[in-house]
Amino acid sequence: MTGYNCDIEKQIKLLLEILSKNSPLFDVIKRAPELGIDEYYIGAGCICQTVWNYQNGLDLMYGISDIDFVYFDNDLSYEKENVIVKKVKDKFAYLPVKIDVKNEARVHIWYKEHFGYDIAEYDSLESAINSFPTTATSLGVRFYGEKFVVYAPFGLNDMFGQIIRANKAQIKKEIYIEKCEKWIKKWNTLKIIEW
């Protein structure tokens, strides 16, 4: 697998190279700083799935249902989040893919209704990414000036190795299994680690 068991600097360089070939996704990554939002990342599935597509010789947008844009704002009002959601979606309305925008500071407010159980309030954007459902998808990328920044608390090896491993910080077994079943149908090269 391209990038697997390489040092982190080489992996980050390769990740940037791969992402730059996915035009819709890279457009969001490149142009997101223009939004003027301080704490944000583009991350999770759209990043991993681009890498898996590259490794498997597939169209780089294959299987990607949306681009996750996560940010952190201590204003927990729905109205403020809605303003940001509209701003981001309007900016990228020309793209052929949905942008999923979330203020991670307010996820705890609606999580139980959506997933059936409570979660603790996140104290930072990074603490939210630390709890994303799998080690491979617990990551975010962005440009800070000219510098390509990657936040990946579990590293990038599982992503490059196409290894799906539960990050049990928050996800429940049923949700993990459901996610694995959905992904293996699209990328049959994935190595699923049992719960």
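The following legends describe close-up views of a predicted model.

**View 1. The five-stranded sheet of the predicted model.** The sheet is open and holds five strands, which follow the order β3-β2-β1-β4-β5 with mixed pairing. The edge positions belong to β3 (98-103) and β5 (147-151); each has a single partner strand, so one side of each lacks a neighbour in the sheet. From one strand to the next, the twist averages 30 degrees. Strands of a sheet pair through backbone hydrogen bonds, in either a parallel or an antiparallel sense.

**View 2. Strand β4 and its two pairings.** Strand β4 (residues 140-144) runs antiparallel to β5, and five bridges join the two. Within this pairing, Arg142 has Val149 of β5 as its bridge partner. The hairpin of β4 and β5 has two residues between the strands, and Gly145 adopts a positive phi there, near 65 degrees. Strand β4 also pairs with β1, again in the antiparallel sense, over two bridges. In β4, Gly140 is the residue that stands opposite Gly43. Four of the five residues of β4 are buried, so the strand is largely enclosed by the rest of the structure.

View 3. Helix α2 (23-31) lies across four strands, namely β1 (40-43), β2 (66-71), β3 and β4. Relative to β4, helix α2 runs at about 50 degrees. Asp27 is a residue of this helix. With a relative accessibility of 17%, Asp27 counts as buried, because the limit for burial is under 20%. Beyond residues up to four places away in sequence, Asp27 touches Phe92, Tyr94 and Leu95. Of the pair Asp27 and Leu95, the C-alpha atoms are 8.8 Å apart in space, while the two residues are 68 residues apart in sequence.

**View 4. The crossing of helices α1 and α3.** The axes of α1 and helix α3 (residues 45-55) come within 10 Å of each other and cross at roughly 85 degrees. This angle makes α1 roughly perpendicular to α3, because values from 65 to 115 degrees count as such. On the α1 side, the contact is made by Leu15, Glu17, Ile18 and Leu19; on the α3 side, by Ile47, Thr50, Val51 and Tyr54. Sorted by class, the residues of this contact are six nonpolar, one polar and one charged.

**View 5. Burial along helix α3.** Helix α3 is mostly covered, with ten of its eleven residues buried. The buried residues are Gly45, Cys46, Ile47, Cys48, Gln49, Thr50, Val51, Trp52, Asn53 and Gln55. Among them, Ile47, Thr50 and Val51 also take part in the contact with α1. Just after the helix, Gly57 has a positive phi of about 70 degrees.

**View 6. The surroundings of Asn22.** Asn22 is situated in the loop that links α1 (8-19) and α2 (23-31). Its relative accessibility is 1%, so Asn22 counts as buried. The side chain of Asn22 makes a polar contact of 2.9 Å with the side chain of Thr50. A polar atom of the Asn22 side chain also lies 3.2 Å from the backbone oxygen of Leu60. When residues up to four places away in sequence are not counted, Asn22 touches Thr50, Leu60, Met61 and Ile64. Thr50 itself is among the buried residues of α3.

**View 7. Phe115 in helix α5.** Phe115 belongs to helix α5 (residues 107-115). Its relative accessible area is 34%, and Phe115 is therefore partly exposed. With neighbours within four places in sequence left aside, Phe115 is in contact with Trp110 and Ile175. Phe115 and Ile171 are 56 residues apart in sequence, with a C-alpha to C-alpha distance of 9.5 Å in space.

Terms used. Residues numbered from 1 in each chain as written. Predicted model: local features only at pLDDT ≥ 70, side-chain atom pairs only at ≥ 80, totals over all residues. Heavy atoms only, no water. Buried < 20%, exposed > 50% of the residue type's maximum accessible area, 1.4 Å probe, protein only. Polar contact = N/O pair within 3.5 Å; in protein donor to acceptor, adjacent residues only side chain to side chain. Contact = heavy atoms within 4.5 Å. Pairing = 2+ DSSP bridges. Axes fitted to C-alpha atoms, helices over the stretch in contact; angles between N-to-C directions. Parallel < 35°, antiparallel > 145°, perpendicular 65-115°, else oblique. Nonpolar A, V, L, I, M, F, W, Y, C, P; charged D, E, K, R; others polar.
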